[in-house]
Each structure stands twice: as C-alpha cells, then as structure tokens.
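Have a look at the model first, then go through the points below.

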Amino acid sequence: MDPGRLRDSFARVAMHGDAVALFFYSDLFLRHPETRDMFPVSMAAQRDRLINALGRIVAEAGRLEELAPFLQVLGRDHRKFGALADHYAPVGESLLATLAHFSGEDWTPDLAAEWTAAYELVAQVMTDAAAHDARRNPAYWDATVLSHELRSFDIAVIRVATVQPLPYRPGQSVAVETALQPRLWRYYSMANAPREDSTIDFHVRMIDGGAVSMALTRGLEAGSWLRLGAPVGNLTFDAKPGRNVLLIGGSTGLAPVKAIAEQLSEMAEPPRTHLFMGARTEEGLYDLPALEKLAAGAPWLRVTACVSDQPDYAGQRGDLADVVARSGPWNGYDAYLAGSTAMTDAVASRLASLGIPDTQIHVEDFGWSNP
Ligand SMILES: Cc1cc2nc3c(=O)[nH]c(=O)nc-3n(C[C@H](O)[C@H](O)[C@H](O)COP(=O)(O)OP(=O)(O)OC[C@H]3O[C@@H](n4cnc5c(N)ncnc54)[C@H](O)[C@@H]3O)c2cc1C
Ligand code: HEM
C-alpha cells in the first residue's frame, strides 16, 4: 500500500470543495436511505466533516500501526451515531464512487484496488473496536437533567444523573446530544470527580450562534434528557511523588480542572495545588463560591480568580497567562489546563518559557477561537 499515492489522490479530489461532500452524501442516501436518519437534520453546516476525515484517514492506512489507537477510539465512538458493522460496506461503496467520480481519468483499477484495501483495513479496526466495546458498554448513556442553573446570561451549570453508571476519570469529557438538536454531538467535560449516585455536573458556555451550547444553556430544563457518549481525553491526573500541581481553567475550562481538584481532595495526602480560574468579567467567575468552599479547610489548595476585561475588578486583573506567570515560580509543578485554543496556547507557551517541561504541561483544548 502506498500512502503517498492515496494522499495525493485524495488531495486532488478534495480540490473540488463542497461538491465532494454533496456527491458522497447523495450517493449514500440514495443507495441506502436508512442511513439518512443517522446524520444531523441540517447538513448545511460542516457537511464536509465526515468525508474529509474519511478520505484523509483512509489515505493513511499504510501507517496502520500508528493509526490503530486513534481508529479504535473512533470506532468505539461511532456506536453513539448508531453505526453498525453492516453500515461500513455502504459507506465504503459511496467513498469509492465519490473518489472515482472526481478522479476522472486518474481513476485506474489499480488505484481503486488500493483505496478498497485501505478502506477495508480501517473499517476492520473500527468495527473490531466497536464490537469489543459493545460487550461492556452501551452505545451511549441516557441521562436526565436534575437541575439547570444559569449562573450568568451565557453560562449554565447542569447536573444530570445517568441511568447506568458511566465510569470516567476526572478531567475527561463526553460527547453530548440533546433532543433539542438531534444528532449534533459536542464534547463537554465532567466538572466533578465520579460520584456514587451517578450524578455528573457540566459547565456550558454559550457560543455565539452555537447550535448545541445555545440549546444546553437556554433550552434545557430539569427533566430534559441527554445522551452521553463514551469518556475521552487525556487531561487526567498523573500522580508523581513530590510534584506539586497547577490547575488552570479559562471560563468553562474550569470544569475538568475542578474535577481534578475534587479528585485530589479525596487523597490521603493531596499534593500542594494552586488553581487559577480566569474570565473576562467578574460575572464569568461563575463557580467561585464552590471553589472557595473546596479550598476552605484545605491547606494544600489555593484558589486564585482573575479577570481580564474589567478595570474596576477588585481582585487579580489580567490574562490568565500573565497572572499565572507573576504568581510563580512554578518549579516542581505539573500543569493541567483547559479552555479555548487562544487561552491554552498562551498559557502553555508561557509555562514553557518559565521552565516547565512540555511533558509536564497537560492541555485540553476546547477549540473555540474566542476565549
Ligand atoms: C474535549 C472538549 C471538551 C469540551 N468541554 C467543554 C465544556 O466543558 N464546556 C464548554 O462550554 N465547552 C466545552 N467544549 C466546547 C464544546 O464542545 C463546543 O465546541 C461548544 O459548546 C460550541 O458548540 P456549538 O454547537 O454551540 O457551536 P457550533 O454550532 O459547533 O459552532 C458555532 C460557531 O462557533 C464557533 N466555534 C465553535 N466551536 C468551535 C471550534 N471548535 N473551533 C472554532 N470555532 C468554533 C465557530 O465560529 C462556529 O461557526 C469542549 C470541547 C472539547 C473538544
Ligand atoms: C472507515 C470508516 C469511517 C471513518 C474513518 C469515519 C470517520 C469519521 C469522523 C472522523 C467523523 C467526525 C467525528 C466527530 O466530529 O466527532 C465522523 C462522523 C460521523 N460518522 Fe463516520 N467514519 C467512518 C464510517 C462511518 C460509518 C460506516 C457510518 C454509518 C453510516 C458513519 C457515520 C458517521 C456519522 C453519523 C457522523 C457524524 C456526522 C456529523 O455530525 O455531521 N461513519 N466519521
């Protein structure tokens, strides 16, 4: 198998832009109408997400050993979409038909055979992982909303209870689907360490024009139902003797670091820990009372809140990166940070410049462009 050849072949196809996704989905839905219901109601936004990922991933099948862990998670994760082993052949057929259509004269029996073999390899790893997961876990976890609290006009704290226990590690996230936006899944981080009563808190910030965050902050109420996917993410506490801990959350990036703080509070001898929470204005410090409660009577834990865009704020002012940097030194600390790309990039590079090795900086990037 020649990854370079498949990569070039897909790059040439992808040059046709939106038409590629349009062709792929119409081919799939025409030949297999039963698959239509698995996809979002409106296909207008992000229509090209699956086909682009599909093409790029399959083109890399030559590096299967490196790719396998990622494909296993992807295969397991596809259970929540309702994808069954029988769906992989139809998707493969439509992928091949799309590639053939846009490749024109470049499409030879030889190239078709390479794509077929690559797709079969990738599909095999994904379906094997899904079958393995199905022996232990549901395709998704049903959860009912116990409480929904708007802490500011754009931030909600939501408590849910899952019907079946959902084992996870503090710092991880799950994909969430609400009946208000069927088949649109977005990741949210559990904001607490696992509890015996199977309740989970989520902190959701409304993104301007954001389909799911808008529904979760403004549309949800107690009694609503959610579906949760399998836990993902590596922002998990790595206990190392003698190391201190720096927890940093920008806006609702607080959620996973708060879960880790709760985990530390359950240890017999928690490491010395400093938790920073940043927001643009004081109103964005939506969970400060709970953090202060956690820190009260916990001499190992210090909490610092800071605000970047409110000159009359009485506490610490400035971006998280600046406030953290001036509160150091941080020798001997492992850092865990979560929030927007802008915030995590800024803080991670500042910590690196302060001498914390990259390997000790753990990041969960929520991906928003604006903090
Ligand atoms: C692992 C992980 C954990 C997360 N945990 C949380 C959490 O605990 N709390 C929380 O509030 N959010 C969290 N997020 C972000 C969340 O998953 C959604 O991206 C966010 O709520 C926006 O979804 P939406 O459907 O409202 O917006 P969309 O409808 O997806 O997007 C609307 C618009 O917002 C902007 N936008 C949204 N997302 C992005 C992005 N990823 N990159 C660039 N622009 C974007 C774009 O302009 C886009 O057009 C997490 C993300 C990840 C990856
Ligand atoms: C080799 C096989 C496949 C690969 C590599 C693949 C890859 C992907 C990727 C990377 C995503 C985006 C994930 C995300 O945004 O969270 C995705 C989404 C999705 N996939 Fe697949 N997939 C494959 C097969 C299938 C099959 C067989 C089905 C079943 C019909 C399917 C249904 C979906 C659905 C419904 C989505 C969500 C789309 C959306 O939200 O717009 N996939 N896939």
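**Notes on the predicted model**

1. Start with the largest nonpolar core, which has 35 residues; Phe24, Leu95, Trp115 and Tyr119 are the ones with the most contacts inside it. A nonpolar core here is a set of buried Ala, Val, Leu, Ile, Met, Phe, Trp, Tyr and Cys residues joined through side-chain atoms within 4.5 Å. Buried means under 20% relative accessible area, exposed over 50%, and partly exposed in between, with a 1.4 Å probe and protein chains only.

2. Who supplies this core? Helix 1 (3-14), helix 2 (18-31), helix 3, helix 4, helix 5 and helix 6 each bring at least two residues, and helix 6 gives the most, with 8 residues. Helices (H or I, at least four residues) and strands (E, at least two) are DSSP runs, numbered from the N terminus. Apart from this core lies another, of 27 residues, including Val157, Leu288, Trp300 and Leu301.

3. A word on how to read all this. This is a predicted model, where local features need pLDDT of at least 70 and side-chain atom pairs count only at pLDDT 80 or more, while totals for chains, interfaces and linings use all residues. Residues are numbered from 1 along each chain as its sequence is written, chains are lettered from A and ligands numbered from 1 in the order in which they are written, and side-chain values use heavy atoms, leaving out hydrogens and water.

4. Phe24 is worth a click: leaving out residues up to four places away in sequence, Phe24 touches Leu50, Ile51, Leu54, Val91, Ser94, Leu95 and Thr98. Contact means heavy atoms within 4.5 Å.

5. Now ligand 2. Which protein donor does its iron atom have? The only one is His78 (NE2), at 2.1 Å; donors are N, O and S atoms within 2.8 Å of the metal (3.2 Å for Na, K and Ca), and water is not among the atoms, so sites may look incomplete. His78 sits in the loop between helix 4 (64-77) and helix 5 (88-103).

6. Around ligand 2 there are 18 residues, the closest being Arg49, Leu50, Ala53, Leu54 and His78. Near means that a heavy atom of the residue lies within 4 Å. Helix 3 (48-59), helix 5 and helix 6 (109-134) each supply at least two residues of this shell, and helix 3 gives the most, with 5 residues.

7. Finally, Asn244 lies in strand 7 (residues 244-250) and is buried, with a relative accessible area of 17%. The C-alpha atoms of Asn244 and Pro271, 27 residues apart along the chain, are separated by 5.4 Å.
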